[in-house]
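Grab a pencil and let's work through a few exercises together. Each one starts with a task, and the solution follows step by step.

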Amino acid sequence: MAASGPGVLYRVGAWCARHFVVVLVAWLVAVGGFAALKSTFGGSYSDDFSLPGTQSAQGADVLQRHDPDAGGTSAQVVLHDSGSSLTDHSDQVDQAVDSLGKLAHVLSVQNPLPSDGTSTGALTSDGSTGYITVRFDTNPTTLGSSYLDGVDRAVQPLRSAGVQVEYGGPLGELARPEANDFRSEGIGFGVAVIVLLVGFGSVIAAGVPLVTALVSVLVGLSCLSLVAAAFTFASVSPTLATMIGLGVGIDYALFLLTRHRQLLMDGLDPVEAAGRAVATSGRAVIVSGCTVIVALIGLYASRVAFIGKLGAAAAIAVITAVLGAVTLVPALLGFIGRHIDRWHVRTPVAERAPGTDGTPDADGTPGTGGTPGGGWHRYAQRIERRPWWFLAGGLLVVAVLAIPTFSMRLGHIDDGADPTSFTDRRAYDLIADGFGPGANGPLTLVVDQSEVPSGDRASLESKVKQALTDVPGAASISTPQPTQDGDLLIATAVSESAPQDAGTADLFDRLKDDVLPGAVSGTDADTYVTGLQAAQLDFVDLISSRLPLIIAVVVGLAFLIILTVFRGVLVAVKAAVLNLLSIAAAYGVLVAVFQWGWGGPALGVAGAVPIESYVPMMMFAIVFGLSMDYEVFLLARVRAAWLHTGDSKESVAHGLEITARVITCAALIMASVFAAFLLNDTIVVKMLGLGLAVSVLLDATIVRLLLVPAAMTLLGRHAWWLPRSLDRFLPRLDPEGEDPRPGPSAPREQPAG
């Protein structure tokens with residue numbers, strides 16, 4: 001034993017393995033206890049794209065102060081009767097309008113039927129389709145599904161009369177079926193079982209990572225729900241947390257299991273092996289987990305709470321995954337004992353050292369000498385002989401995949417891309433057929449003339465009315481009407497294009513930046529373009545402007561972390577550059593599939609859609625964190641061999657041989673978990689699932705198994721160059737630490753196949 005004694009992680013791992021009953025019971029109690037707390041105190045999830053300080057938010061505040069009934073958040077109750085006119089059901093329409101107006105949080109309700117000969121514009125010429133506009137003092141998605149029961153009761157007379165009733169806007173989002181990820185989780189787990197059985201041959205060995213990931217995710221989701229009771233999280237948050245939690249949970253457990261299994265083969269008892277596995281690979285798991293968490297929390301650099309909270313939701317799942325890896329995994333390994341390979345579907349692979357006989361070096365350290373053996377070692381040697389060819393081939397693949405990235409258009413996906421099983425999609429289609437696609441995303445135009453002298457207001461109103469005539473891209477713009485106090489002029493603009501189309505964004509910018517400011521030029525009036533559609537477009541503009549900042553923060557973190565851990569300037573530069581290349585390739589796949597529509601219909605997406613504004617930002621942070629897992633595990637072995645032998649080329653082959661099979665299995669499992677979420681009905685989840693799956697596969701194959709070895713071979717010993725002044729300044733962070741009980745009897749570090 002070293003004079004200083006075994007480290008904290010060794011003691012944690014050994015204690016959990018020795019007292020496995022206590023640990024297993026504690027985790028079961030945590031699952032049940034947090035689930036009970038979730039059902040009692042758990043919060044709900046909703047999407048709020050409003051951004052304080054933007055012109056749309058300022059316009060909403062001004063509108064709320066001067067005309068509360070015209071402010072708030074609007075939603076549509078869409079009515080359709082193919083056999084007759086809605087005027088034939090005027091009694092039922094009036095009754096529904098009256099009942100909706102009595103609901104809590106409702107500011108106003110607009111009847112679509114003409115009153116006193118005045119049309120509201122919410123009824124088609126044949127009277128078959130119309131919509132009731134309901135304005136709420138809050139976003140309906142925050143009110144919970146029980147609120148929808150009151151809305152259903154209010155419109156029941158219309159349904160009883162044979163009128164089709166659908167909900168649009170935020171009310172439609174509230175009515176969507178609750179996301180059920182069981183199918184995606186089941187498929188991901190099924191693929192994981194197959195990969196683990198093929199990779200390791202043992203049923204028990206395959207079960208440990210799956211059980212650990214599942215338990216960790218259940219606890220993480222319960223914790224997220226409790227946090228959501230105090231803070232508003234996006235509706236995609238639990239699905240995102242599930243995706244990340246399952247992926248990293250299986251990965252982390254797999255890395256620990258592999259090391260533990262190697263130690264058992266070297267003759268250690270299960271408790272000792274578990275302690276040493278946690279002390280070495282467990283340290284790497286903690287380093288990798290902290291890296292992922294830092295990247296996700298780094299999303300707060302966008303200064304957009306919506307984005308930051310998405311990162312926080314995923315970070316909660318990563319925290320529970322790390323805790324599960326360093327406590328639950330050794331407890332399970334202690335419970336299993338030496339029976340980890342007892343039930344096997346094939347003979348477990350003997351994980352031998354790089355030497356053909358598997359013996360350690362003369363000093364008892366892991367064998368890095370001897371005659372190289374193994375398929376991965378021979379593969380690494382082929383790269384060593386022609387590194388430029390392998391580097392060029394890998395870069396060519398990445399470059400081709402990245403080409404569509406240059407045409408990426410960020411936006412907000414509208415309800416027209418949802419499945420027809422959703423009521424908001426049916427409401428969207430009815431409005432688009434009856435009033436044009438732009439009617440699904442109207443823009444509210446506000447002119448604040450409170451600082452304009454009363455004698456000049458008539459002239460200003462005339463100028464505004466003239467400016468809003470024949471605006472390019474607008475299907476219609478209503479005549480500006482003053483509020484009761486006369487301080488505001490309000491109009492509604494409807495685009496010729498669908499809400500998600502570039503034409504609507506162009507109209508928004510034209511009205512906001514040119515038409516309205518030009519109309520009030522020379523006066524003290526202020527102008528705003530507001531409403532839900534305007535808030536979403538402001539959100540897109542803000543995210544687009546801050547995406548470069550997030551990229552710079554993430555790349556900077558990648559550089560600093562790799563520099564600190566591996567003490568090499570060029571190694572850190574290489575990691576940052578390859579991160580950029582792999583994420584650009586993943587972006588390109590997203591653009592081709594969703595924006596260009598090459599694979600959208602096969603994934604259940606109706607037509608081509610823009611890339612949801614926050615998806616690239618989320619992907620960048622998540623992929624950076626996940627890529628660090630493989631970077632840390634591969635480079636840790638390479639650097640250890642380099643420090644021991646001083647042979648830069650052989651150290652690359654050694655590191656690749658030890659880690660390649662584990663990295664490949666882990667990547668296949670994580671990519672399968674992500675890809676399984678393509679079955680989710682939410683398009684944003686499909687985008688994240690595909691983007692993350694492609695990113696992981698590229699990172700673990702093209703990048704980690706081709707570009708990294710080729711680049712490291714070309715850099716040679718220069719890869720580890722670090723100025724002495726910088727070496728003294730940087731903290732020392734060993735990704736795996738030293739063996740907690742060094743000496744001649746220490747087990748060999750063995751390859752993963």
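**Exercise 1: the cavities**

Find how many cavities of 30 Å³ or more the whole structure holds, then describe the largest one.

*Solution.* Keep in mind that you're looking at a predicted model.

- Step 1. Searching the whole structure turns up five cavities of 30 Å³ or more.
- Step 2. Pick the largest cavity: its volume is about 100 Å³.
- Step 3. Now look at what surrounds it. Eleven residues line the largest cavity, and Phe255, Thr258, Phe633, Arg637 and Val662 are the ones nearest its centre.
- Step 4. Ask which helices bring in the lining. H9, H19 (615-645) and H20 (648-676) each supply at least two residues, and H9 has the largest share, with four residues.
- Step 5. Sort the lining by class, and you get five nonpolar, four polar and two charged residues.

**Exercise 2: H9 meets H21**

Decide how H9 and H21 lie relative to each other, and name residues that meet.

*Solution.* 

- Step 1. Find H9 at residues 237-265 and H21 at residues 683-715; their axes come within 11 Å and cross at roughly 20 degrees.
- Step 2. An angle under 35 degrees counts as roughly parallel, and therefore H9 and H21 are roughly parallel to each other.
- Step 3. The crossing of H9 and H21 is right-handed.
- Step 4. Look at the residues: from H9, Thr239, Leu240, Met243 and Ile244 meet Val685, Leu688, Gly689 and Leu692 of H21.
- Step 5. By class, this contact of H9 with H21 has six nonpolar residues, two polar ones and no charged ones.

**Exercise 3: H12 meets H21**

Is H12 parallel or oblique to H21, and which residues make the contact?

*Solution.* 

- Step 1. H12 covers residues 375-385, and its axis comes within 9 Å of the H21 axis, crossing at roughly 55 degrees.
- Step 2. That angle means H12 and H21 are oblique to each other.
- Step 3. The crossing of H12 and H21 is right-handed.
- Step 4. On the H12 side, the contact is made by Trp376, Tyr379, Ile383 and Glu384. On the H21 side, Leu705, Leu706, Pro709, Ala710 and Thr713 take part.
- Step 5. Sorting the contact of H12 with H21 by class gives seven nonpolar, one polar and one charged.

Note on methods:
Residues numbered from 1 in each chain as written. Predicted model: local features only at pLDDT ≥ 70, side-chain atom pairs only at ≥ 80, totals over all residues. Heavy atoms only, no water. Axes fitted to C-alpha atoms, helices over the stretch in contact; angles between N-to-C directions. Parallel < 35°, antiparallel > 145°, perpendicular 65-115°, else oblique. Left-handed = near helix turned anticlockwise from the far one by under 90°. Contact = heavy atoms within 4.5 Å. Nonpolar A, V, L, I, M, F, W, Y, C, P; charged D, E, K, R; others polar. 1 Å grid on protein atoms, 1.4 Å probe; cavity = no way out; pocket = protein on both sides within 12 Å on 5 of 7 lines; lining within 4 Å. Points joined across faces, edges and corners; volume = space filled by probe spheres on them.
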